[in-house]
Amino acid sequence: MRRSKRAEQTGTALVAGGAGFLGSHLCEALLHDGYRVICVDNFLTGRMENVSSLVGQARFRLIEQDVCTPLELGEPVDRVFNLACAASPPRYQADPIHTTRTCVIGTLNLLELAASNGARFLQASTSEVYGDPEQHPQREDYVGHVNCTGPRACYDEGKRAAETLCFDYLRAEMADIRVARIFNTYGPRMDPADGRIVSNLVMQAIEKRPLTIFGDGRQTRSFCYVTDLVEGLRRLMDVDPNPRQPVNLGNPGEFSILELARLVRELTGTRSPVKFLPLPEDDPRRRRPDIGRAKALLGWSPRVPLRQGLMQTIVYFSGMDDLAIEPVAAIDRAGRGKLQNLQL
């Protein structure tokens, strides 16, 4: 399977959720590729500062709208990226009915838009479709272990239903769809208050607050840096022929939450203690993608190691422009042994 050329593009790409963490990076990448970009966001979790540098550019259009309402664009589109949904558990559980509506009705509206325009469609699905997995690492042929009545079901089952819609449209030859199952992603432009583990720990370390860990910290996650993830999305949208199956996108490196906390402490130089809290209901114990399909079909694998990506993220949250971070480097050189000996 070959990937289509990404030479200078002249089409129009719509990015739903384009003012969010992932969406804003994707908008920038598509503009760089030569696309005209239409960013659609209701700013429920997206932030204007994420796209403020793009507003006013000739090839960028911003529409403030909820995708649960059908879009009337007044112009054709060639690519539709559906990233429209809150992705952090505190945010998507805050209004679970709206989360389900966004996953199902929003996806249906965007599929109809793609179908009417003859546009390619990429669905940003999630590793949460695997639930608290009994298979490790998770392959795309694993059907999951999901609680359909739990507090996370609005997102988990909503995304599963969205995948169903996508593949039904594909089988009916109504739209050329691709589905990416995205694993934990981090980097600059994460919302510092979104409740996800990387942003939580980094902000707590910077502000010298206790680092909160749910459960005993032995549960594992895999962390993919945002630029790697965006490259995977672009490759999946561009690849020919259509894979006709979901594709995991994530970093197969597996770290416990305690290991992540130790690394954040080392890189920030904080002496903040760790505070353990009860594990939320249905919180997955292990999460790691099998990316064999992405390697074979897309020639894609992540490049940015966790230490490097975390440093970039710390810089962003610290509000610093200089990526060297001399104070952190000095702490690392002078106090690494002491930090490693601290009890978590």
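Hello everyone, and thanks for coming. A word on the ground rules before we look around. This is a predicted model, where local features need pLDDT of at least 70 and side-chain atom pairs count only at pLDDT 80 or more, while totals for chains, interfaces and linings use all residues. Residues are numbered from 1 along each chain as its sequence is written, and side-chain values use heavy atoms, with hydrogens and water left out.

Let's stay with helix 4, residues 96-117. Helices here are DSSP runs of H or I with at least four residues, strands are runs of E with at least two, and both are numbered from the N terminus. Helix 4 has 22 residues and spans 31 Å from first C-alpha to last, close to the 32 Å expected; that expectation is 1.5 Å times one less than the number of residues. There is also a kink of about 30° centred on threonine 102, where the bend is the angle between axes fitted to the seven residues ending there and the seven starting there.

Threonine 102 is also among the buried residues of helix 4, which include His98, Cys103, Asn109 and Leu111. Buried means under 20% relative accessible area, exposed over 50%, and partly exposed in between, using a 1.4 Å probe and protein chains only. And what covers them? The cover includes strand 2, strand 5, helix 3, strand 6, helix 5 and strand 7, with contact meaning heavy atoms within 4.5 Å.

Now for the charges. The whole structure holds 24 salt bridges, each a side-chain nitrogen of Lys or Arg within 4 Å of a carboxyl oxygen of Asp or Glu.

One of them pairs arginine 287 with glutamate 128, with the closest N and O atoms 3.3 Å apart. This pair links distant parts of the chain, 159 residues apart: arginine 287 sits in the loop between strand 15 and helix 9, glutamate 128 in the loop between strand 6 and helix 5. Arginine 287 is buried at 0% relative accessible area, and glutamate 128 counts as buried too, at 12%.

Next, arginine 171 and aspartate 168 meet at 2.8 Å, N to O. They are 3 residues apart in helix 5, about one helical turn. An α-helix has 3.6 residues a turn, so residues three or four places apart point the same way. Here arginine 171 is exposed at 56% and aspartate 168 partly exposed at 37%.

Thanks, and I'm happy to take questions!
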